[in-house]
Amino acid sequence: MTTRRTVIKHRFVDSAPEVLEDGVLYVSIPYATALHRCACGCGSEVVTPISRAGWSLTFDGASVTLHPSIGNWNYPCRSHYFIRLNRIEWARDHRPGEARRRPAETRDHLPRASAQRHRGGVVADWLRPVAATVRSWLRRLRTLKGGVDRCRLGVSP
């Protein structure tokens, strides 16, 4: 008998590991993908592409949240759950014929750790504005540092 999980740990990785551990959500920023073994305990590998059209991932420094829910409609277990703040919240199963939002996918498109890493990599859409903000703050700090250095040398601005 399999046991449904109620918590999941997260681990940031560059590429998919050869073997997925139960109870771990692997997050690959270079490939904008999260993957894990199904939380019902059936052992199926679940892949969630992170994009505007797919799932969104929120990391608060201590835990992760995936949105929307994980619906494994094409797997025998047909499990349906949310991952919120490293917790698994179980939802009801959808019956055949009901509208399905996003079926679970296979992870064939995600390279193994032993495969050569794609140099172009996919940067998650949410990472671009963060990078722009960081660059902006670094420019401001460099400008401020230049002013401080000029004052130390006795040079007027």
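Is Cys 42 buried, partly exposed or exposed? At 37% relative accessibility, Cys 42 counts as partly exposed, a class that lies between buried (under 20% relative accessible area) and exposed (over 50%), using a 1.4 Å probe and protein chains only. Before going on, note that this is a predicted model, where local features need pLDDT of at least 70, side-chain atom pairs count only at pLDDT 80 or more, and totals for chains, interfaces and linings use all residues. Residues are numbered from 1 along each chain as its sequence is written, and side-chain values use heavy atoms, leaving out hydrogens and water.

Let's stay with the cysteines. The sulfur of Cys 42 lies 3.6 Å from the closest cysteine sulfur, in Cys 40, which is too far for a bond, because a disulfide requires two cysteine sulfur atoms within 2.5 Å. Searching the whole structure gives 0 disulfides. Cys 40 has the sulfur of Cys 38 as its nearest, 3.5 Å away, and Cys 40 is buried at 9% relative accessibility.

Both Cys 38 and Cys 40 lead us to Ser 79, which is in contact (heavy atoms within 4.5 Å) with each of them, and also with residues including Ile 70 and Trp 90. Ser 79 is buried at 3% relative accessible area and sits in the loop between β6 (64-71) and β7 (80-84); strands here are DSSP runs of E, at least two residues, numbered from the N terminus.

Of its 19 residues, Leu 25, Leu 66, Ile 70, Tyr 81 and Ile 83 touch the most other members. At least two residues come from each of β2 (24-28), β6 and β7, with β6 giving the most, 3 residues.

Notes: Helices (H or I, at least four residues) and strands (E, at least two) are DSSP runs, numbered from the N terminus. A nonpolar core is a set of buried Ala, Val, Leu, Ile, Met, Phe, Trp, Tyr and Cys residues joined through side-chain atoms within 4.5 Å. Lists of a residue's contacts leave out its neighbours within four places in sequence.
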